[in-house]
Structure formats: C-alpha cells, structure tokens
Amino acid sequence: MADKRLEYADPRDLASLRAALKDADPEGKLCPILMDRIYIQREAVELLPGIVGDYTKTKKVLLVTDETPYFRDSVSLKEMIYFLLSRSFQVSWLVLDNHDHVLHAVDEESLKIQNAIRTHEVDCVVGVGGGTVTDLCKDATHGVSDEIPLIIVQTALSVNAFSDGISIMLKNGVKSSLPTRYPNVLVIDLGVIEKAPMERNLAGYGDVMATWTAPVDWYLAYRVGMNDTYNDPSCDILRVQNAKLLDESAKLARRDQDTLELLARVLTLSGLAMGIAGESCPSSGTEHIITHLLDMSADKQGRDVAFHGAQVSIGTIFTAIAWDILLKEFDPAKVDLDACFPTPEQMQPQVQRAFGWIAQSTADECWRGYQKKLARWTANKDRFADLLAHWDEFKAEIQKVITTPEYLCQQMHAAGAPTHYSQMTPPIDADTARWALRDCHLYRNRFTLSDLLFYLGWWNEEFIERLIQRAAQLDAGL
C-alpha cells in the first residue's frame with residue numbers, strides 16, 4: 001500500500017516529501033532532492049529579490065533568457081524581472097539566440113552561459129524561460145561549479161524539466177539525458193502561467209501523459225534485468241494526482257485556474273520523480289524515445305522542432321496501444337527463446353540504416369549506446385525466461401496501473417490537446433512519424449517496451465501499421 005503522503009505530495013512542501021521518502025526508503029537507495037524551495041503561487045515573481053538576496057554575497061547576478069516573449073498582466077515578464085532585481089543587485093542579462101526560431105540545448109549555448117558567469121564574476125544565476133533555458137542553465141552552472149546558486153522562473157507548464165537534476169542535451173546529433181544539477185529554487189507564478197500560450201501549457205499536459213506508459217516500461221526493464229533502479233516511491237508520487245488531472249482534462253481546456261495549478265504540481269512532481277530515481281525512467285519510456293527521434297530528424301529536414309510534450313502525448317497513445325495489444329494477445333508458451341537474442345553483427349547494420357541518413361556521427365553514437373543494451377539483454381537471458389514463466393503475475397501487476405488508450409485519447413480531446421502529428425506546429429509528415437515509430441528501439445541504451453516487442457519479432461512494419469490504424473480509430477496518430 002502506497003504512503004498517502006507520497007500519493008498526495010505537495011512539491012511546495014519539500015520537508016514533508018523528504019520525510020515520506022525517508023520512511024519509504026529505509027535502505028537509502030533513492031537520490032536526495034537537492035532543492036531548497038519551490039514556489040507555486042500568484043505573484044511569485046515579486047518574491048525574487050528576497051530569494052536572490054538569500055543566495056548572493058557579491059550582489060552580482062546573471063539573468064539568462066531566450067528571445068521568446070512572456071507576459072504577466074500585459075507587462076513583459078523578463079523586463080519586469082530585470083528591473084525588480086536591478087533595484088538591489090548588479091544584473092548582467094544574457095539573451096540566448098533562438099536560432100531559426102528554436103533554441104537548442106547544445107554545448108555552444110551552455111558555454112555562452114559559462115563564459116558570462118566567469119566574465120561578470122557572478123555568484124547567482126537566474127534563468128527565466130522554458131525547458132531548454134532551464135536545461136542549459138543547469139548544465140552551465142554544473143560545468144562551472146555546483147556551488148553557484150541557480151534560481152529558475154518557469155514561464156509555462158510546457159515540460160517537466162524544471163525540478164530535476166538532469167539536462168536533456170544534444171550530443172553528436174543525439175539527445176541524451178545527462179546528470180547535471182537541480183535548481184536551488186523553482187518559481188512558478190500562476191499569473192504568468194495563466195497568460196502563457198495554451199499550446200505551451202497543453203504541451204506540459206502531454207508530457208505528464210507519459211506517466212501512464214513510462215513507469216511500466218521502467219518496471220519491464222527491471223523485471224528482465226535491464227535496469228536496477230526501479231522503485232515504487234518515484235511512481236507513487238505521480239499516479240494519484242495525475243489520475244485526477246486526467247479525469248479533469250476538460251477543465252484545462254477552459255483554462256480553469258485550479259486545474260492549471262494541479263498541472264503545475266503534477267509537472268513539478270514528475271521532475272522530482274526523475275531526480276529521486278537518479279534518471280528519467282519514471283517519466284520517460286518508449287513515448288519519449290519516439291519523440292527524441294522526431295526531434296533529431298527536424299534539423300536534417302529543415303523544420304523547427306515541435307513542442308516536446310505535445311509530441312510525447314501522441315507517442316504515449318501509440319505506446320498505450322502497444323501495451324494493450326501485448327497484454328491481450330501475448331502467449332509466452334509460443335516464444336522461441338533463442339530467437340529473441342540477435343547478434344551485434346545482425347543489429348549494427350539496422351542501426352546504421354536507421355540513423356545514417358541523419359549523419360554518420362549520429363548513427364555511430366546510437367550504435368555505441370545500442371550495443372551496450374544488446375550485450376546486457378544477451379547476458380540476462382535467464383531473467384527474460386523467468387518473466388515468461390511468471391507472465392500472468394507480471395500482467396496482473398501492469399493492469400493495475402495502466403490505463404486504456406481509449407480513455408487517454410478521450411481525455412486529450414477534452415483538454416484540447418493535439419492527438420495527431422499532423423497537428424503539430426510545424427506538422428510532422430507521415431513518413432517521418434513511421435520512421436520514428438519503427439526505429440525508436442534502435443536509438444540508445446535504454447530498454448523499453450519497443451525493445452521487448454522487437455526481440456519477440458513483433459515490432460516491425462506490419463505492427464507499426466497496426467498501431468497507426470488503431471490510433472486512427474481513436475482520432476489520433478498520424
């Protein structure tokens with residue numbers, strides 16, 4: 001039975017959350033939450049001078065933003081913050097360039113922040129923006145010193161990246177989850193959130209839909225020996241409140257203030273769950289890997305990257321359908337165990353085919369990760385055999401926590417969230433979407449449902465078309 005303190009955790013009360021996690025983790029396996037404070041309230045921006053004052057000694061502060069405009073009460077949020085801080089501190093303002101309308105989390109941008117920290121000799125960084133600005137600030141301050149206080153002002157409920165110790169960075173054309181650091185303080189001003197473009201807040205709603213697929217992917221990986229970190233508390237803090245959010249999706253479409261606040265809490269808890277686990281698995285499975293492939297293809301195709309969370313929600317639909325098919329149709333007695341373990345010589349050409357069209361360096365990077373996954377899968381043949389022997393028990397456990405793709409789609413429609421890749425801004429074409437679905441399992445060293453289905457001989461062109469047709473019946477998919 002899950003601890004109610006975890007199921008109804010309030011991210012604004014970190015002391016109570018830490019106490020509940022300590023009781024749920026007597027062996028101390030979970031990672032600590034290295035944050036001091038989280039504010040989710042109205043007029044939270046006005047608290048910034050006091051917050052910054054608690055951290056800076058030299059009164060030299062670096063403000064980091066991108067070029068995207070944000071507002072509160074029709075006033076430029078970034079200018080408001082700059083003038084609020086300038087009354088008490090010496091503020092240097094670094095604006096990162098939105099190249100071709102999109103800021104990417106790459107080393108070049110992180111180095112700009114690191115250079116500004118050193119040049120201006122600041123001892124406090126305030127990042128204002130979305131997930132990319134946050135990831136860059138976390139990576140940059142980590143690169144200089146984790147002792148530099150980092151305060152993040154969240155401008156929309158777009159992703160769950162604000163409250164964890166991970167940065168999603170683009171390395172050799174491949175998106176990777178890198179351990180960096182937590183922000184010391186996270187500030188979510190509900191007045192700002194309510195004025196944010198609805199498509200950004202719906203992207204965050206889409207990001208937390210992964211709660212219905214990512215944890216079961218994670219548990220699957222644990223059961224077959226492909227991940228040693230699975231733990232219940234990281235999942236417990238997500239399910240109950242995210243179930244309430246899913247049930248109240250229609251209120252989100254009306255910009256209901258209480259529902260937006262609930263979304264803010266759930267997104268923040270989703271980030272904390274990743275931090276507690278020490279990796280992104282509680283909130284990132286097959287649905288995220290599909291999304292990463294779509295992002296990787298964008299630059300090659302000369303298109304902007306669509307909102308991360310919006311893509312995740314559609315990947316979640318496809319993943320939920322795949323789980324539904326597996327749980328209803330799989331017969332472990334029919335499995336040829338030896339046929340489930342391909343050799344590196346068989347798999348390397350597939351990885352090269354999947355990613356070589358983007359860049360050879362991308363294909364090489366993906367193969368470096370994939371061959372580690374393949375080696376571990378091969379070494380855990382006995383664990384897979386054990387799962388097959390206890391499949392009914394595993395199936396019963398999964399069915400307790402998963403939801404149907406029909407209900408997911410129904411509620412996403414009620415929220416006004418996009419359910420088709422063609423509804424993305426910019427739209428994603430059907431051929432690219434099919435590629436991302438078909439080849440997502442080849443991407444990196446993380447075992448998910450797509451890997452299991454591939455090794456079983458299911459995850460192929462025919463199966464992908466089946467997923468697409470099932471999604472179309474739900475007014476979703478391509």
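Buried means under 20% relative accessible area, exposed over 50%, and partly exposed in between, with a 1.4 Å probe and protein chains only. The model is predicted, so local features need pLDDT of at least 70 and side-chain atom pairs count only at pLDDT 80 or more, while totals for chains, interfaces and linings use all residues. Residues are numbered from 1 along each chain as its sequence is written, and side-chain values use heavy atoms, with hydrogens and water left out.

**Backbone**

K59 counts as partly exposed at 45% relative accessibility. Phi of K59 is positive, about 65 degrees, although K59 is not a glycine. K59 is found in the loop between α3 (48-53) and β2 (60-65); helices (H or I, at least four residues) and strands (E, at least two) are DSSP runs, numbered from the N terminus. R255 is another residue other than glycine with a positive phi, near 55 degrees. The place of R255 is in the loop between α11 and α12, and R255 is partly exposed, with a relative accessible area of 36%. A cis peptide bond, with omega of about -5 degrees, joins T425 and P426. P426 lies in the loop between α19 (405-415) and α20 (430-439). Why list these sites? Most residues other than glycine have a negative phi, and most peptide bonds are trans.

**Salt bridges**

A search of the whole structure finds 31 salt bridges, a salt bridge being a side-chain nitrogen of Lys or Arg within 4 Å of a carboxyl oxygen of Asp or Glu.

| E261 | R12 | 3.1 Å |

In the salt bridge between R12 and E261, R12 lies in the loop between α1 (4-7) and α2 (14-24) and E261 in helix α12 (residues 257-277), so the pair ties together parts that are 249 residues apart in sequence. R12 is partly exposed at 32% relative accessible area, whereas E261 counts as buried at 19%.

E109 and K112 are 3 residues apart in helix α5 (residues 107-120), which means that about one helical turn separates them. E109 is buried, with 1% relative accessibility, and K112 is partly exposed, with 30%.

D338 is exposed, at 54% relative accessible area, and K381 is partly exposed, at 28%. Salt bridges that share partners join D10, R12, E261 and R265 into one network.

**Two buried residues**

S249 is found in helix α11 (residues 249-253) and is buried, with a relative accessible area of 1%. The S249 side chain makes a polar contact with the backbone oxygen of L246 at 2.6 Å; such a contact is a pair of N or O atoms within 3.5 Å, where within protein one must be able to donate a hydrogen and the other to accept it, and residues adjacent in sequence count only if both atoms are side-chain atoms. Not counting residues up to four places away in sequence, S249 touches Y205, Q411, A414 and A415, where contact means heavy atoms within 4.5 Å.

K373, in helix α16, is buried with a relative accessible area of 1%. Leaving aside neighbours within four places in sequence, K373 is in contact with M226, H441, R444, N445, R446, F447 and D451.

**Cavity and pocket**

On a 1 Å grid over the protein atoms alone, a cavity is a set of points where a 1.4 Å probe fits but cannot get out, and a pocket is an open set with protein on both sides within 12 Å along at least five of seven lines; lining residues have an atom within 4 Å of a point. The search finds 1 cavity of 30 Å³ or more in the whole structure. Residues lining the largest cavity include Q154, F162 and T268.

The second largest pocket holds about 740 Å³ of space, a volume being the space filled by probe spheres set on the points, with grid points joined across faces, edges and corners. This pocket is lined by 30 residues, of which I166, S177, L178, P179 and G278 lie nearest its centre. The largest share of the lining, 6 residues, comes from β9.
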